[in-house]
Amino acid sequence: MNPIKKTITLPDGREITLETGKLAKQADGAVELRMGNTMLLATVVSAKEAGEGVDFMPLTVEYKEKFSSNGRFPGGFLKREGRASDYEILTARLVDRVLRPLFPDNYHADTIVQVTMYSADGVDFPDALAGLAASAALTVSDIPFQGPISEVRVARIDGQFVINPTADQLDKADLELMVGATYDNIMMVEGEMKEVSEQVLLEALKTAHEAIKVQCVAQEELAKELGVVKREYCHEVNDEDLRKDVREKCYDKVYAIAKQGCADKHWRADSFKAVCEEYIESLPEEERDEKTPLVKRYYHDVEKEAMRRCVLDEGIRLDGRKTTEIRPIWCEVDYLPGPHGSAVFTRGETQSLATVTLGTKLDEKIVDEVLNQGHERFLLHYNFPPFSTGEARAPRGTSRREIGHGNLAHRALKSMLPDGFPYVTRVVSDILESNGSSSMATVCAGTLALLDAGVQMKRPVAGIAMGLISDGQKWAVLSDILGDEDHLGDMDFKVTGTTDGITATQMDIKCDGLSYEILEKALMQARDGRLHILNIINETIPAAREDYKPNVPRIVTMTIPKELIGAVIGPGGKVIQGIQEESGATVSIDEIDQQGYIEVAAPNKDAIDRALSMIRAIVAQPEEGEVYTGKVMTIQDFGAFVQFMPNRDGLLHISEISWDRLPDMEASGLKEGDEVTVKLIEIDKKTGKYRLSMRALQPKPEGWVERPREPRRPRPEGGDGERRERRDRGDRGPRSPRRPQ
């Protein structure tokens, strides 16, 4: 065993160590990453040969967190880790998006990258380290990889950029980005912001890239020390004469179709397909089956080149638009009668149907992850059924892509919900048509549906996807890209925001050498497009509805002192259940910021008022001089105990029942269960006991003279200790006079 270790120092002095040669030595590459008490193990294995007929890169990236890493048991009956959580899927996607473009185009072997968190303390975020660990494992392996890369989180806190902030620091940030890059180029960006400007975003990217460069150098040094030699492979057999022939006979036909600028996606697809099939039919029958896979591969390259040249040389896009032009938009709110809010947003051939449901605290999503436990009050779910692209395929659960797109839209909208909003909110976006930027359509449709539901958003949010076509000399930034422009282009840059600034972004780069000049151009062009869409949203629904729809549950909230939470809940929940049963409202209570936070929800105002009245009666504080209606609970020789407030009893002494002198309690006529009106005349500050009076509410008899209360005889000094001392020395003390016979 000959482990090798490298140390990376972050700008604030914290250290990351990479070590290889100790664990998982049978993998093609394995690296252990440590930062503080966080430890990740990244492994990579790639098959020696490609599968038959495979002409793409079959890469799989998995990220897994062990509950034992933080000293916790998994939930559920099985008590073991199960399917990946959304957080694990999103982390794996962040890594995948940076690694995938950096494998050679002709490398087609099955490759599996696994990153596992084995130790964590909740201080440093593991998702910001997973990309570095995965890249290091690839770099020290013999697998062909055009890296290294790394990923960092950059946040702006009090105006300063911080690399890989801790959990406590991140709570104060107004910008949070995950950035993945090689030493030379930024490859991936994803994050959320609180309406920051385009210039602030660019500064954040530059800061992150400088930190990534240091981490890339450390990986190169690690590989050099190990003497890594990359494997030889042959996963493609090419026919250069056939490649040349396909281009010569198909390029002009494909260019002519691209130049027509037809907005019909299916017409273009059928036309391009017909050119390819015509060429295949022209081949000798005995060669056709053998050469068809190669023809399709070479034809794809022809199609890509023709589309790109048409944009760069003539400024004509596939659907005939200018580079800055946005497809026609139509939208409609209140589209469905049942949901609490609904909207349709259509841009070109992309359409989202969004619904909003407003619920109570009982509808919160429970989050139980390794490092994150709590509740989620704003949910956004994105669905991409196969029919949206005309595919005859059965849906098979929620895909990673759907989780990723939904997360982007969630980040775009969540900061624009009103502060202290009492409702748990769920937005569902169903994509009914798709030809580019369905996640951005989700943001727009989600905004419309929220406004239709009566949610008083701080500002409406819109989103747009930008593309890039570049040949190294010329370049063009495309607004509102089509699916083909995403597939055949060099960049997919999604930007969401309000009129005041950016709220979320996601970017994937597929080319080398993306300058900050191009990024700035894309951001400013995206801003113009975003403002155009926001104007259309404003025309559709100028402001949120003044009131919620009739089927929305009404919610009222109140706070109470922390020490009264138990009184409202009652033993075994008896009190709060009684309130719900009697009022018909749903009552939930929680402790927030050292206070009891109560939420009362019901379909009508009467039920809410009844519940609030009962709660206020429980939490109200008794005040001297106030009059209460109570119930006689018990009768004693000296008086009665009356419950004048929930869980509060006071003594109604026999002398306070009437102005007349009563010989005994039987003469008072009071019985257990009687309802009486009393006045609180004294609260004992030391014992907390209450003295009640009925006679204080009755007219005082004429000529009544109040007898002065006799002062209590003071106890002997020294108390019980002094009495014991007198007893021990035989001193019985002064005797009380005998009562006369």
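Modeller: Before we start, helix axes here are lines fitted to C-alpha atoms over the stretch in contact, with angles taken between N-to-C directions. And keep in mind that this is a predicted model.

Colleague: Got it. How do helix 1 and helix 2 cross, then?

Modeller: Helix 1 covers residues 86-99 and helix 2 covers residues 127-139; their axes come within 9 Å and cross at roughly 45°.

Colleague: Why are helix 1 and helix 2 called oblique?

Modeller: Angles under 35 degrees count as roughly parallel and 65 to 115 as roughly perpendicular, so helix 1 and helix 2, at roughly 45°, are oblique to each other. Their crossing is right-handed.

Colleague: Which residues meet there?

Modeller: From helix 1 you have Y87, T91, V95 and L99, and they meet D127, A130, G131, A134 and L138 of helix 2. By class, that contact has 6 nonpolar, 2 polar and 1 charged residues.

Colleague: Staying in helix 2, is A137 buried or exposed?

Modeller: A137, which lies in helix 2, has a relative accessible area of 0%, so it's buried.

Colleague: What is A137 in contact with, leaving aside neighbours within four places in sequence?

Modeller: G29, A30, V31, A42, T43 and V44. The C-alpha atoms of A137 and V44 are separated by 6.2 Å, though the two are 93 residues apart along the chain.

Colleague: New topic: where is T111 found?

Modeller: T111 is in strand 6, residues 111-119. At 0% relative accessibility, T111 counts as buried too.

Colleague: And which side chain does the T111 side chain make a polar contact with?

Modeller: That of S46, at 2.8 Å. Beyond four places in sequence, T111 is in contact with residues including V44, V45, M57 and P58.

Technical notes:
Residues numbered from 1 in each chain as written. Predicted model: local features only at pLDDT ≥ 70, side-chain atom pairs only at ≥ 80, totals over all residues. Heavy atoms only, no water. Helix = DSSP H or I, 4+ residues; strand = E, 2+ residues; numbered from the N terminus. Buried < 20%, exposed > 50% of the residue type's maximum accessible area, 1.4 Å probe, protein only. Polar contact = N/O pair within 3.5 Å; in protein donor to acceptor, adjacent residues only side chain to side chain. Contact = heavy atoms within 4.5 Å. Axes fitted to C-alpha atoms, helices over the stretch in contact; angles between N-to-C directions. Parallel < 35°, antiparallel > 145°, perpendicular 65-115°, else oblique. Left-handed = near helix turned anticlockwise from the far one by under 90°. Nonpolar A, V, L, I, M, F, W, Y, C, P; charged D, E, K, R; others polar.
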